[in-house]
Amino acid sequence: MSDFDVRGVSRVFGKGQSRVVAVDNVTLSVEPGQRVGIVGESGSGKSTLVRLMAGLLPVTAGDIEFGGRSITGGKESDLGFLRSQVAMVFQDPRSSLDPRMRVGRTITEPLRSPLLDGWDRAARVARLTEVMTKVGLDPAIADRYPHEFSGGQRQRIAIARALAPSPRVLIADEATSALDVFTRNQILNLIVDRVRDDGLTLILVSHDLAVVRHVCDSVLVMRAGRIIEAGPAEQIYDHPADPYTRQLVAAIPKLRL
């Protein structure tokens, strides 16, 4: 059974002549445990696609299934199974964290959802300590606010929040692009470790094709809202079929000694 089965999905913003087709008739399948990279230029539809898969945007046409259950066209109250199983880490931790909410409350916020059961106060406190430790944060700082931390620490907080409900799928949407190079590598390694150790399915959106090749076992290449090429990472990078993919691969920086 696939984690995600996406069939003919489109997403249109606006009306009349101002319409923008962000995702155009996309079809794909993501298997449990797979590590999928989504690459393409800015505006190619990468972020819109993963937000559709996470149930954060409604589809204009088509259907998305998670674990064999459709997530399209229903009410938010019907998506409890999705909210507990699919977590997302966004690009900018400064804007994705509520500045008025303490770190501990932020991380355990998903566990307070009425759509999730079994998370009383004692269970939330235990889980908070567990996930903060997993992402390299001292649980003692749980009473502080996001502005008291660096960008890398804030992204660790965001990752801890994503991991709190024990999801099956982790979606990382340019989760390292707002960070400096050193911190970027630390956060990327953290994501890779958690995906491996927790047995997660990973969907990674990135402009950095070198990172995607290092982390992912399969790659989707998007352009103008469509998937123009998809396959195993080795095939995409070593034998790209589409001219656009060849341009992307050729643009990867190479160290010349």
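Me: What volume does the largest pocket have?

Reply: About 560 Å³. A pocket here is an open set of points on a 1 Å grid over the protein atoms alone, with protein on both sides within 12 Å along at least five of seven lines. Grid points are joined across faces, edges and corners, and a volume is the space filled by probe spheres set on the points.

Me: Which lining residues are closest to its centre?

Reply: Arg83, Val86, Met88, Pro110 and Arg161, out of 23 residues that line the largest pocket. Lining residues have an atom within 4 Å of a point.

Me: Which elements give two or more residues to that lining?

Reply: Helix H2 (80-85), strand E6 (86-89) and helix H6 (151-163). E6 gives the most, with three residues. Helices (H or I, at least four residues) and strands (E, at least two) are DSSP runs, numbered from the N terminus.

Me: How does the lining of the largest pocket split by class?

Reply: 14 nonpolar, three polar and six charged residues. Nonpolar covers Ala, Val, Leu, Ile, Met, Phe, Trp, Tyr, Cys and Pro; charged covers Asp, Glu, Lys and Arg; the others, Gly among them, are polar.

Me: Wait, what kind of model is this, and what pLDDT do local features need?

Reply: It is a predicted model: local features need pLDDT of at least 70, side-chain atom pairs count only at pLDDT 80 or more, and totals for chains, interfaces and linings use all residues. Residues are numbered from 1 along each chain as its sequence is written, and side-chain values use heavy atoms, with hydrogens and water left out.

Me: OK, what is the volume of the second largest pocket?

Reply: About 240 Å³. Of the 13 residues lining the second largest pocket, Thr108, Arg112, Arg121, Val125 and Leu128 are the closest to its centre.

Me: Which helix gives the most there?

Reply: H5, with five residues. Helix H4 (103-108) and helix H5 (121-134) each supply at least two. By class, the lining of the second largest pocket has four nonpolar, three polar and six charged residues.

Me: How many cavities of 30 Å³ or more?

Reply: One. The volume of the largest cavity is about 30 Å³. A cavity is a set of points where a 1.4 Å probe fits but cannot get out.

Me: What lines the largest cavity?

Reply: Val39, Leu209, Val219, Val221, Ile236, Tyr237, Thr245, Leu248 and Val249. That makes eight nonpolar, one polar and no charged. H10 gives the most, with three residues. Strand E9 (218-223), helix H9 (233-238) and helix H10 (243-250) each supply at least two.

Me: Switching topic. Where is threonine 176?

Reply: In the loop between strand E7 (169-173) and helix H7 (181-198).

Me: Is threonine 176 buried or exposed?

Reply: Buried, with a relative accessible area of 13%. Buried means under 20% relative accessible area, exposed over 50%, partly exposed in between (1.4 Å probe, protein chains only).

Me: What does threonine 176 touch, not counting residues up to four places away in sequence?

Reply: Arg184, Ile187 and Leu188. Contact means heavy atoms within 4.5 Å.

Me: And the whole chain: how many helices and strands?

Reply: 10 helices and 10 strands. The radius of gyration is 19 Å, close to the 18 Å that the globule rule gives for 257 residues, so the chain is as compact as a globular protein of that length. The radius is taken over C-alpha atoms, and the rule is 2.2 Å times the number of residues to the power 0.38.

Me: What share of the residues is buried?

Reply: 48% of the 257 residues in the chain.
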